[in-house]
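Please read the numbered points alongside the display.

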Amino acid sequence: MAGWNADTAAGPLGSATVTLIEGASFCISSDSGDLQPEYPHGVFVEDTRILSRWNLTVNGQPLEPLAAKTKQPYRGFFVGRVHRSDGYADSPLIVERLREVGAGILEQITVRNYSPTPAECIVSFKAEADFADLFEVKEARIQRCWDEIRQIDGDALTIRAGWEDIRKGVAIQAPGADITPEALTYRVTVPPHGHWTAVLTVIPSIEGADYATAFVHRDGDGLSPRDRRRQAWVSNIPVVQMGNRSIERTLRRSYEDLGALRIEDPDHPDRVVVAAGAPWFMALFGRDSLWASIMALPVDPSLAVGTIQTLADRQGSVVDEMSEEEPGKILHEVRFDVSSRLSLGGKSSYYGSVDATPLFVALLGEVSRWGFAADTVASLMPNVDRAMDWIRDYGDRDGDGFVEYERLNDRGLINQGWKDSWDGINFADGRLAEPPIALCEVQAYVYSAYLARSWIAYDSGDADLAVKYRDLAARLKRQFNEQFWLPEHGYYAVALDARKRPVDACASNMGHGLLFGLIDEDKAPLVVERLMSPEMFSGWGVRTLASDMGAYNPVSYHNGSVWPHDNAIIAAGLLRYGFVAEAQRVATALLEAAEYSDGRLPELFCGFSREHYDEPVPYPTACSPQAWAATTPIMLVKSLMGYYPDVALGGLWMDPVLPESYGGVHITNAPMAGGRITIDIAGCSASVRGLPEGMVLRHGSRPWAADLVERAARRGKA
């Protein structure tokens, strides 16, 4: 895997692009519906571009785009008109393209004639398939030249290609078309005030895989496999009604996107995980998928369980410098398609992440507290202990108590926290930090992992192990507040560098420490004051880097942009320390930002001030939809509801502080332990129906892991 440098970052998709996704398949096109090979457009199945050009012309001319709409995450509708040949502006010929993404695409094309005379039309598609690996397309470095053969087989054009010992192919079925190796053409007469319709499918053939039934509607109900999959998803997730219809729409869009981002582990087809985001990260990412699945716990716990199981199956077991695998380490990303090994150091998994391992432990504990999959959680305890061993043996190589990273080869990620761009960690004057680097938020994740392991040990009766991890947590918190705190600035360093110097940039990372309780109570007000300052808070959210820092750039990936998931974590942390008004301000800003993109929050947007730009400025290559952006509205509303269960303690805690502008909340079919509950919130009052036996509703804040550990320790001394 190449280092994350300027020359390997994703290139622009072109203006007005439309992205459709379903599981591991996706399609990127222009707003006309065409795929242009000069841009990173295409139809991708299992990380391979099976269609690189898909151009529609009518009477030899491309269409004039009129509208493009995403009807579902996997289905798009494009409308264009045919240019007139007589010089008049208005054309009576309108073309509709209804596209569905699955294991390939199905496209229904309809030509409508609004004139009183018949229209003779030559409708033609030109197709190309370069079978490029996803990384080749994303990074604009396509170098492989495939030996191509085009064959006409009945009503289909088949393109087969080979490179070394790899064979791939695609079949384009176009019943009723005149097919040549160069094009698929329909010669039709569209009646006056009438229409003509045809259906085409593009189905891959990759290393023997069978996709022949990808678009068959077997039940005769008019529903595609994607529709039925969506119906099954919708029937199992909560139904939310809010007084504020805009926020309700945003939540529903989040549900839709989260459902479309679900992918399957081919080794365990019954196990569903969440992909990081479209278009380039339709794969299981350790950090991203852990965060997204845990943020989505109130909606679908199966995502968290499946993600944790799949990561556990692929937990590191050996030292491999090329893939950066180490015993006990949780991977950074895994590509389930074999061809992607070309870009991942010879393996399908890459492990260059410093934070996925402690997050794996910390968030497994949260799954347990929600009462989901108790047997699975118990079976994964050996994986938890191997992860704890990695923190000790590899994460903290120098034994100073902090977990740091340095890539093991010159092709790995330079930065290995969530800000993993090459310039993501810098000093206040803009100088880059030198590795090994100990990130402030990673210490918060490790602190939470220590506490989670300590509480699990107390709960199982292993007092010695519980004391060990309790003491490690206390030591880490003390050291962190001594060495990362910058009293002259009133905030925490973003990191310690190779010489253990505080990297003194003011960054959003410290906000994660609020959520996990790593920040000392007396320092929290100063941290919050800085996070909400004009330099940090853009009006749309907290920036990744303050505007008075040397590396600040509002249109950079990590040095001044606004990331929704980052803000959701910060908002939850603000609430933990009692800063309700500030949390409401952050949440409301993000939910208002979603209104400008049809209810969907992107991966990130630019960090320009709301005073100067009255709507969020899109970041050119942001993923959309993206998993932890899709789960951000869920986490924001859940946090403001004060919605936290602990099944072992027999309680569901609710402490609502929703702003008045949000209106009331009514939620049905919400998963809780082994059942489903109904929640009603009006103002500061909450009621719950259908709680599992043995659970009661409690008003106030759920005990944090640190509190539980301290209580257990006191009981042990009694």
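1. In strand β14, Gln173 is the bridge partner of Ala156. Strands β13 (residues 156–163) and β14 (residues 166–173) run antiparallel and are joined by eight bridges. Strands are DSSP runs of E with at least two residues, helices are runs of H or I with at least four, and both are numbered from the N terminus; two strands pair if DSSP finds at least two bridges between them.

2. This is a predicted model, in which local features need pLDDT of at least 70 and side-chain atom pairs count only at pLDDT 80 or more, while totals for chains, interfaces and linings use all residues. Residues are numbered from 1 along each chain as its sequence is written, and side-chain values use heavy atoms, with hydrogens and water left out.

3. Two residues separate β13 from β14 in a hairpin, and Glu164 in the turn has a positive phi of about 50°.

4. Helix α13 (residues 564–576) reaches 19 Å from its first C-alpha to its last, close to the 18 Å expected at 1.5 Å a residue; the expected span is 1.5 Å times one less than the number of residues. Among the elements covering them are α4 (286–295) and α14 (580–594). Just after α13, Gly578 takes a positive phi of about 90°.

5. Thr250 belongs to helix α3 (residues 245–260) and is buried, with a relative accessible area of 0%. Leaving aside residues up to four places away in sequence, Thr250 touches Leu591, Ala594, Gly599 and Pro633, contact meaning heavy atoms within 4.5 Å.

Methods. Buried < 20%, exposed > 50% of the residue type's maximum accessible area, 1.4 Å probe, protein only.
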